[in-house]
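Me: I would like to learn how to read a protein structure one feature at a time. Please give me the general idea each time, then the case at hand.

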Amino acid sequence: MRVLPGIALTVLLLGQTALAKNVYTVAEAQVGDDGIQRLEMIADSYYFEPNYLVVKVGVPVELTITRQTMLVPHNFVLHAPEAGIDVEKAIETDGTKIRFTPNKEGKYPFHCGKKLLFFESHQEKGMKGILDVRP
Ligand SMILES: [Cu+2]
C-alpha cells in the first residue's frame, strides 16, 4: 500500500511537465469598429490560454485577462519599452483589462512574475507567451 502515494505523485509531476511544454495556442486580434483590437486570455495554474497573441502594429490593444484560480495569484508582465509596452499588472478573477499601443513590429515575450517561496516560478512552470506585433 505504501507504493500508491508514490504513483500518484509521479502522475502529478508528469501532468505538470506536460503543461510546461512549449505548446502555443494562437489568437489573432480583430480590429473593432472603434479602432481598438481586442483579445481575451485566461490565466490558470500554470499557463496562459491562448499564449501566442497576434496584433497589428500602431493600433490600440485592449487585452482582457481572467484569472481562473481563486487562491493562486497571477500577474502579467511584458516589458518592451522599445515597442511602447511596459506592463506589470495583477490579474483579477473578474477580468483585468490591459491597454497599450504596440508601435514596433516584433515578437515580445510576456510571463507571470509570481513565485512561491522556494518553488519554481510560474514562468518556469510554463506561464509565459509571446506577443507577435505584425504590420
Ligand atoms: Cu502566475
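Me: How many bridges join β3 to β6, and do these strands run parallel or antiparallel?
Reply: Strands are DSSP runs of E with at least two residues, helices are runs of H or I with at least four, and both are numbered from the N terminus. Two strands pair if DSSP finds at least two bridges between them. Here β3 and β6 run parallel and are joined by seven bridges. Within this pair, Gln37 stands opposite Val61 of β6. This is a predicted model, in which local features need pLDDT of at least 70 and side-chain atom pairs count only at pLDDT 80 or more, while totals for chains, interfaces and linings use all residues. Residues are numbered from 1 along each chain as its sequence is written.

Me: In what sense do β2 and β3 pair?
Reply: β2 (residues 30-31) pairs with β3 in the antiparallel sense over two bridges, and Gln30 stands opposite Arg38 there. The two strands form a hairpin with five residues between them, in which Gly35 has a positive phi near 80°. β3 also runs antiparallel to β4, with three bridges. In that pair Ala43 faces Phe48 of β4, and the hairpin of β3 and β4 has two residues between the strands.

Me: Which strands are joined to β5?
Reply: β1 (residues 26-28) pairs with β5 in the parallel sense over three bridges, with Glu28 opposite Val54. β11 also runs parallel to β5, joined by five bridges; there Tyr52 stands opposite Ile130.

Me: Along β5, which side chains point to the buried face?
Reply: In a regular strand the side chains alternate between the two faces of the sheet. A residue is buried if 20 or more other C-beta atoms lie within 10 Å of its own, exposed if 12 or fewer, and partly exposed in between, with C-beta atoms placed from the backbone. In β5, Leu53 and Val55 point to one face and are buried. Over the whole protein, 22% of the 135 residues are buried.

Me: Which residues have the most contacts inside the largest nonpolar core?
Reply: In soluble globular proteins, nonpolar side chains tend to be buried together. A nonpolar core is a set of buried Ala, Val, Leu, Ile, Met, Phe, Trp, Tyr and Cys residues joined through C-beta atoms within 7 Å. The largest one here has 19 residues, and those with the most contacts inside it are Ala43, Ile65, Phe76 and Leu131. Strands that each supply at least two residues of this core include β3 (37-44), β6 (61-67), β7 (74-80) and β11 (128-134). β6 gives the largest share, three residues.

Me: What does Ile65 touch, apart from residues up to four places away in sequence?
Reply: Two residues are in contact if their C-beta atoms, placed from the backbone, lie within 7 Å. With those neighbours left out, Ile65 touches Met41, Ala43, Phe76, Ile91, Thr96 and Ile98. In the protein, 63% of the contacts with a separation of 6 or more are between residues 24 or more positions apart.

Me: Where does His122 lie, and why is His122 called buried?
Reply: His122 lies in the loop between β10 (106-111) and β11. His122 is buried because 24 other C-beta atoms are within 10 Å. Beyond four places in sequence, the contacts of His122 are Tyr46, His74, Cys112, Lys114, Lys115 and Met127. Tyr46 is 76 residues away from His122 in sequence, yet their C-alpha atoms are 6.1 Å apart.

Me: Which backbone angles deserve a second look?
Reply: Most residues other than glycine have a negative phi, and most peptide bonds are trans. The bond from Ser45 to Tyr46 is cis, with omega near 5°; Tyr46 is in the loop between β3 and β4. Another cis bond joins Glu49 and Pro50, with omega about -5°, and Pro50 lies in the loop between β4 and β5. Leu117 is not a glycine, but its phi is positive, near 45°. Leu117 is exposed, because 4 other C-beta atoms lie within 10 Å.

Me: Over which residues does pLDDT stay under 50?
Reply: pLDDT is the predictor's confidence in each residue, from 0 to 100. It stays under 50 over residues 1-20, for which the model has six contacts beyond four places in sequence. Where pLDDT is low, the predicted coordinates should not be read in detail. The mean pLDDT of the protein is 88, and 84% of its residues reach 70 or more.
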